[in-house]
Amino acid sequence: MKILVIEDEESLRESIVSYLKGEGNICEVASTYWNAMEKINLYSYDCILLDLTLPGGDGLKILSEVKKLNKQEGVLIISARHSLDDKLSGLEMGADDYLVKPFHLSELKARIMAVIRRKNFSGSNLMSFNEINIDLLAMEVRIKEKLITLTKKEYDLLIYFISNQGKVITKNAIAEHLWGDEIDVSDDFDFIYTHIKNLRKKLVEAGAKDYIRSMYGVGYKLENV
Amino acid sequence: MKLAQRYNRANLITSFIILTITGVIYYIAIHFILTGKLDKDLVIEEKEIEAYVNNYGKLPSPGDFLHQKVTYQKNTSGKIIERNFFYDDFYNESEKENEPGRSLITSVDLNGQNYQVTISKSRVESEDLIQLIFMITLAVTILLLVSLLLINRFVLQRIWSPFYSTLGMMKAFNIAQKEEIKPQVTKIDEFNELNDSANAMATRVRKDYRELKSFTDNASHEMMTPLAIINSKLDSLLQTGTFSVAQGSIIEDIYTAIGKLIKLNQSLLLLAKIENNLISDVQNIDMQQLVGDKVLQFQELFEKDGLTLNQELQPFEVKMSKYLADILLNNLFANAIRHNHSGGNIDIILQAGSLTISNTGKSEELDNQLFERFSKSASSEGTGLGLAISKQICALYGFIISYQFQENRHRFLIRF
């Protein structure tokens, strides 16, 4: 996958790039409006991460340029502007998703994967990790052809893990992903443990390996064993 | 007491006292003057009698003219008769009635015989005069008082009307709204000065408020970027190698603190946005559906603490921003869960026009500061802004949110 990260804040850009790189992903960066405009006109990407406040111009203009060029890139807006109007106008102008800063990198990755999936596979939409196969349209999970039943939360959790395979995902990020960031109810996220335990149990019972591991008490990681 | 009323009262009392004193002085003076005139007449009569006695050597015939009587009496007692003026009654023959009179007792000597002479005059004319003067004075007094009252009522009211209009506008002054104070035009310098000062103050207050608000807004905005960086760096840090559980626990604490700071910032930004009425996606919201969805969304959180939920949802629509409706319900639900004890319960009742959320809880009744910013119970882990935001959202749409503590339950009621 080729991803263009348009973000003027260097530290944040670096974190994003280092998180997204690897597993065959290529990241390019742009830090100014004109820099971004140039790259968009010259190259093609699978997904563009677009910050709205850029030196040199408004990020929304970049979005309209992408749409004007009739490009197929998925555009994910990342902005500190927690403004509903920005969100609405961004989505109306054809952005595929909108993520408000600050965000967890795991959330960003999951959103990027979702945007790319939606762009690339119109029709059947499959996702897999070793013996785990997911039909995203039918919302079915199969382990080596054997159908298993997951709750909505377990299903979302599994996709989240596979999108972030090999990465440590914090409990905090999982809670926000599953319950939304406006729900600020719990100060310990131990209740997530139950959901993860159930998911692992269902996967292992159906014949999959136990890929999900607890990491230092902070979070969890799904990786090849 | 109103200023006009107070002024009126002082004015009337003073006028009344002065007029009364004037009346009394007037009365006494006139009385004195008229009595003096009567006495002079009596003395003239006395002189005439004396002259008559001296000229003719006999007493004049006792006269009884209109308004004047003269009587003679031999002084047999041998006492010297003192010359004396006094008041008495005067019998008017023609009108056959007693009138007030003034008399002079004196004496004349005739052929060695001492006679007591009484000269009486009717005072009725002078009394009539005094009465007339008194009536005129009274009428003038009443007229003056009435006109003072009327002037005070109508003229003062008109004169003060710019003051009251300015006052009304100052009362209605809302710091968050942009309307200027537009005072009534007046020729009275004091009121013009008042209007100018009120306007200057309003402008200054608005400016300070705007600056403060934009400061908060900007500070929150500016803080978001470093927070985003810290958050992403922590995420990156976690990917870099292996950590011990002790290190993990430190990282988790940092995450929690950052999470709180982010939440706090977002809440402050949201408050500013609601205050500035910058949230515009007003639409008809099916509350029955929304509350139902929220219950599902919070399902796991209810279960976590073993809470039982009782819901009675009737169809009801409300016009507001979907975004704010979400936040409002999130805050109230989260509070009901956060401040509950395990095994407790929550009642959610939606009726046409009202939503009630009541729950069992750990603490006693909350104090009446609960809707204020940063007011929270000692055990609360929240930002202390949830209820302030809820209240602000309700205020934006004219809903009324209230809190009660009844039968050991915390009860929040929103009237739409």
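**Backbone and surface features of chains A and B**

Glu145(A) counts as exposed, since its relative accessibility reaches 65%, and in this predicted model the residue lies in the loop that runs between β10 and β11 of chain A. The phi angle of Glu145(A) is near 70°, which is a positive value in a residue other than glycine. Lys144(A) is found in the loop between β10 (140-143) and β11 (146-148) of chain A, and Lys144(A), which is not a glycine, likewise has a positive phi, of about 45°. With a relative accessible area of 53%, Lys144(A) is exposed, because the cut-off for this class is over 50%.

Elsewhere in chain A, the peptide bond joining Lys101(A) and Pro102(A) is cis, with an omega of about -5°. Pro102(A) belongs to the loop between β7 (97-100) and α5 (105-120) of chain A.

In chain B, a nonpolar patch on the surface is formed by Phe134(B), Met135(B), Leu138(B), Ile142(B), Val146(B), Leu150(B), Ile151(B), Phe154(B), Val155(B) and Ile159(B), which together have about 880 Å² of accessible area. One of these residues, Ile142(B), lies in helix α2 (residues 124-171) of chain B and counts as partly exposed at 47% relative accessibility.

The packing of two helices of chain B can also be described. Helix α4 (residues 245-275) and helix α8 (residues 386-397) of chain B pack with their axes 10 Å apart and at an angle of about 15°; α4(B) and α8(B) are therefore roughly parallel to each other, given that angles under 35 degrees are classed in this way. The crossing of α4(B) and α8(B) is left-handed.

Conventions. Residues are numbered from 1 along each chain as its sequence is written. Chains are lettered from A and ligands numbered from 1 in the order in which they are written. This is a predicted model: local features need pLDDT of at least 70, side-chain atom pairs count only at pLDDT 80 or more; totals for chains, interfaces and linings use all residues. Side-chain values use heavy atoms; hydrogens and water are left out. Patches are made of residues with over 30% relative accessible area and no salt bridge: like charges are joined within 9 Å, nonpolar side chains (Val, Leu, Ile, Met, Phe, Trp, Tyr) within 5 Å. Accessible areas come from the Shrake-Rupley method with a 1.4 Å probe; for residues, only the protein chains shown count as cover. A salt bridge is a side-chain nitrogen of Lys or Arg within 4 Å of a carboxyl oxygen of Asp or Glu. Helices (H or I, at least four residues) and strands (E, at least two) are DSSP runs, numbered from the N terminus. Buried means under 20% relative accessible area, exposed over 50%, partly exposed in between (1.4 Å probe, protein chains only). Axes are lines fitted to C-alpha atoms, for helices over the stretch in contact, and angles run from 0 to 180 degrees between N-to-C directions. Angles under 35 degrees count as roughly parallel, over 145 as roughly antiparallel, 65 to 115 as roughly perpendicular and the rest as oblique. A crossing is left-handed if the near helix is turned anticlockwise from the far one by less than a right angle, and right-handed if clockwise.
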